[in-house]
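Hi everyone, thanks for coming.

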Amino acid sequence: MLGALRRKAAIGGSSASVLGKSLQAIRPGISASRASANAGKEILLLQPRGIDHIRNFSHLILPGYSVGLTKTRDAISSIPLETIMQKSCRAFSSGDGDLVDAVVPFMGESISDGTLATFLKKPGDSVAADEPIAQIETDKVTIDVVSPQAGVLQEYVAKEGDTVEPGTKIAIISKSAEGVAPAAPAERKSEKAASEPSPPAETVKEEKPKAKAEASPAVEKPKPPSTPPPKRTATEPVLPPKERERRVPMTRLRKRVATRLKDSQNTFAMLTTFNEVDMTNLMKLRSDYKDAFVEKHGVKLGFMSGFVKAAVSALQHQPIVNAVIDGDDIIYRDYIDISIAVGTPKGLVVPVVRDAEKMNFAEIEKTINGLAKKATEGTISIDEMAGGSFTISNGGVYGSLLSTPIINPPQSAILGMHSIVSRPMVVGGNVVPRPMMYIALTYDHRLIDGREAVFFLRRIKDVVEDPRRLLLDV
């Protein structure tokens, strides 16, 4: 078709008339003037891949320019770039730029997608710039989707429970309230229509009693006697009705925790050894210096810092507990990163205290308090939970007396703390009450022998019962 147009134009005929007649042949009923005025559009339709074959001539219709046939390159070169961009991008922009999209942010190197957990705002609510409007739940953390600009939340384009990736559009934000204003009259109209009963409905209601009255003289057939339900045998269990059960999908964090714990059981040859610790001296140390500690460091002195320091000392005495198996090799870590298990309403998270061997009691307490607060609020980052060479889990805060913790892969051991209970103990030949705590060490028996595990737990017992050992390094 385009070759024929070129040949006719080369003979000397008017290009506009040639194009008009040709397009009339393609679309009967179109006038020559209309065909001439839309030649450029028709040719573009014939060549959806581009305009490489028609760049010698084209009919351009742009604001401020007369209708005529001119070379494409000359015409385009004389048109301001802003005009072309405005016309070509109109189909892909939101009018005057009043609407902006809120998208899923980057969630971390190891996280490719997440679940849209909940919406924090409703359509029609005013939002500020960088204000969270939704939450994305991943395998490790909960990430906020924020509004890119201040305005009004027009609508959500995704639903709760959807799996989304970084860059996925979640909502549309209107910089002004125009995006949601038209919805108000429609709502009032629907409410008014709902309040006024429709006449056809009354007619139907009037007809129904007549139909019942006409059908009343008919003689009803006697119903057959209903058969009694079969009696249950003595061995058949009586199950509760399904109406008393609820099925709730697991969150991504809960599924991730379940997978990792089961993988830990399937991978490690786990064994647990126990001991008990007399907390008298550590409790006395805390009672004597708690006020001065808070006054100087601005944080309370707890038991976790004492157990972290004791664990650091034990790991330095038994470096195999700080190691890990990697294939046919053993990786010895020359650093000590202590993971602290923290229970949150959404599940278990394990933030990491980096380089714990370089910290004092105050630095450890500040770090643990800050990480625990972030974990509870759901603002903890992935970097703050990555790594770790040894884990401490304190089930005593929930009242646990004794447990066998599960190793947090890819580590090789975990220490379990428990509640402090006053029990009768023999001290110096006398039975006296003492605040006692059971401690447990679960370790990978493929790497750590029972001897090293017992020595490790014994070192923790010695340091906690006599914190002066940390000063003298004995």
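Let's start with two helices: the crossing of H11 and H13 is right-handed. The residues in contact are Phe307, Ala310, Ala311, Ser313, Ala314, Leu315 and His317 on the H11 side, and Phe456, Arg459, Ile460, Val463 and Val464 on the H13 side. Contact here means heavy atoms within 4.5 Å. By class, nine of these residues are nonpolar, two are polar and one is charged. Nonpolar covers Ala, Val, Leu, Ile, Met, Phe, Trp, Tyr, Cys and Pro, charged covers Asp, Glu, Lys and Arg, and the others, Gly among them, are polar.

Now the geometry. H11 spans residues 303-317 and H13 residues 450-465; their axes come within 8 Å and cross at roughly 140°. That makes H11 oblique to H13. For the cut-offs, angles under 35 degrees are roughly parallel, over 145 roughly antiparallel, 65 to 115 roughly perpendicular, and the rest oblique. The axes are lines fitted to C-alpha atoms, for helices over the stretch in contact, with angles from 0 to 180 degrees between N-to-C directions.

A quick word on where this comes from. This is a predicted model, so local features need pLDDT of at least 70 and side-chain atom pairs count only at pLDDT 80 or more, while totals for chains, interfaces and linings use all residues. Residues are numbered from 1 along each chain as its sequence is written, and side-chain values use heavy atoms, leaving out hydrogens and water.

Stepping back, the protein has 14 helices and 19 strands. Those are DSSP runs numbered from the N terminus, with helices (H or I) of at least four residues and strands (E) of at least two. Of the 474 residues, 33% are buried; buried means under 20% relative accessible area, exposed over 50%, and partly exposed in between, with a 1.4 Å probe and protein chains only.

How many aromatic pairs does a search of the whole structure find? It finds two. In one of them, the rings of phenylalanine 119 and tyrosine 156 have centres 3.8 Å apart and planes at 20°, so they are stacked. Rings of Phe, Tyr and Trp (its six-membered ring) pair if their centres lie within 6.5 Å, and planes under 30 degrees apart are stacked, over 60 edge-to-face, the rest tilted. Phenylalanine 119 sits in strand E2 and tyrosine 156 in strand E6, so the pair ties together parts 37 residues apart in sequence. Phenylalanine 119 is partly exposed at 22% relative accessibility, whereas tyrosine 156 is buried at 16%.

Next, serine 264, in helix H9 (residues 252-267). Serine 264 is buried, at 0% relative accessibility. Not counting residues up to four places away in sequence, serine 264 touches Met270, Ile406, Ile407 and Pro409. That last one is worth a look: a cis peptide bond joins proline 409 and proline 410, with omega about 5°. Proline 410 belongs to the loop between strands E16 and E17.

Finally, two aspartates. Aspartate 355 has a positive phi near 50°, and lies in the loop between strand E15 and helix H12. Aspartate 473 also has a positive phi, about 55°, in the segment after helix H14. Aspartate 355 is partly exposed at 30%, while aspartate 473 is exposed at 62%.

How values were computed
A crossing is left-handed if the near helix is turned anticlockwise from the far one by less than a right angle, and right-handed if clockwise.
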